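Welcome, and please open your viewer with a selection tool at hand.

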Amino acid sequence: MLNKKLLQRLTVAGLIAVTTIGFAGCGDEKKSITPEQAVAQAEQQQLAERKAVQSIVMDGAQLKAIMEELTNRPELKGKALRVFQSAEFDITNKRIDIPLLKPDSQMDVVNYTYNFDTKKWGDPTPVKLEKKATPELVMSNTYDFGALNYATIPNLMEQGNKMIQEKTPNSFNGTVNTVEQVLNVDTGQANWRIHYQNVSLLVC
C-alpha cells in the first residue's frame, strides 16, 4: 500500500495537471491552420509588403526624397557621379542597389543599398571587378547619374502595369518584381526594364 504522504503528493500533482489542462483549453483558444493556409497567409503578407514598397517607388515625391538622401551624402554631394552598369529598384526584396564609380577614381566601384524596411541607405560596399579591368574598360561600363532620371519611374511603371494587365489579365497580381536601368555598352545608352513574375518589358 502506498504511503499516505506519497499518495497525497501524487493526488495534488494530478489535480494541478488537470487544472492546467483545463485552463489551457479555456479562454482564447488558438485555431490550428493547415500548411496550405499558412503558405497562403505568408504569400498574402509578402504581396502586401511588395505593394507597400511599390507604392513608394511609384510616388515621385517619396522616391525623389530617397534618391536625394543618396546624392547628399558627404562623399557624394556636389560630385560628378557615374552609375556602373545598372541601377536596380528591387521591389520583391525591398531594396535599391546603385553601384557608383567613386568620385575622383577611375577603378574603384562601390555599391549603395537602400533598405525599405529600415528606410536608410547603408554604407558603400566595394564591388569586385574582373582582373582584366582597366580604367578605360571600367569607364566604358559607366554612365552619367543624371541619365538615371528616376523621376520617370512612376510613369514607366504605370505604363508597364497597364501593358501586362492587358496581356495577362488573369495572372497579373498588380505588383512588379524589379525595375532596373541597364547600360548597353555598345550604344552607350541606358534602358529601363520592368521585370514581372513571368515576363520582362523593355520600356525605354
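A salt bridge here is a side-chain nitrogen of Lys or Arg within 4 Å of a carboxyl oxygen of Asp or Glu. Before the first selection, a word on the model: it is predicted, so local features need pLDDT of at least 70 and side-chain atom pairs count only at pLDDT 80 or more, while totals for chains, interfaces and linings use all residues. Residues are numbered from 1 along each chain as its sequence is written, and side-chain values use heavy atoms, with hydrogens and water left out.

**Stop 1: salt bridges**

A search of the whole structure finds eight salt bridges. Select glutamate 75 and arginine 73: they form one of them, with the closest N and O atoms 2.9 Å apart. Which of these two is buried, and which partly exposed? The terms rest on relative accessible area: buried is under 20%, exposed is over 50%, and partly exposed lies in between (1.4 Å probe, protein chains only). Glutamate 75 is partly exposed because its relative accessibility is 31%, whereas arginine 73, at 15%, counts as buried.

Arginine 73 sits in the loop between helix 3 (60-71) and strand 1 (82-84), and aspartate 123 in the loop between strand 5 (120-121) and strand 6 (125-126), so the pair ties together parts that are 50 residues apart in sequence. Helices (H or I, at least four residues) and strands (E, at least two) are DSSP runs, numbered from the N terminus. Aspartate 123 is exposed, with a relative accessible area of 62%.

Next, pick lysine 79 and aspartate 104, whose side chains meet in a salt bridge at 3.9 Å, N to O. Lysine 79 is in the loop between helix 3 and strand 1, and aspartate 104 is in the loop between strand 3 (95-101) and strand 4 (109-115), so this pair ties together parts 25 residues apart in sequence. Lysine 79 is partly exposed at 38% relative accessibility, while aspartate 104 is exposed at 77%.

To finish this stop, select Glu49, Lys94 and Asp117, which a network of salt bridges links.

**Stop 2: strand 4 and its partners**

Now colour strand 4, where five of the seven residues are buried. Two strands pair if DSSP finds at least two bridges between them. Which strands pair with strand 4? Strand 6 runs antiparallel to strand 4 and is joined to it by two bridges; select valine 110 to find proline 126 as its bridge partner in strand 6. Strand 5 is also antiparallel to strand 4, again over two bridges, with lysine 120 as the partner of asparagine 115. In the hairpin of strand 4 and strand 5, four residues lie between the strands, and lysine 119 takes a positive phi near 60°.

**Stop 3**

Move on to strand 8 (residues 178-184) and strand 9 (residues 189-195), which run antiparallel and are joined by seven bridges. Valine 179 has isoleucine 194 as its bridge partner in strand 9. Four residues separate the two strands of this hairpin, and glycine 188 in the turn has a positive phi of about 80°.

Histidine 195 stands opposite serine 200 in strand 10, and strand 9 and strand 10 form a hairpin with four residues between them.
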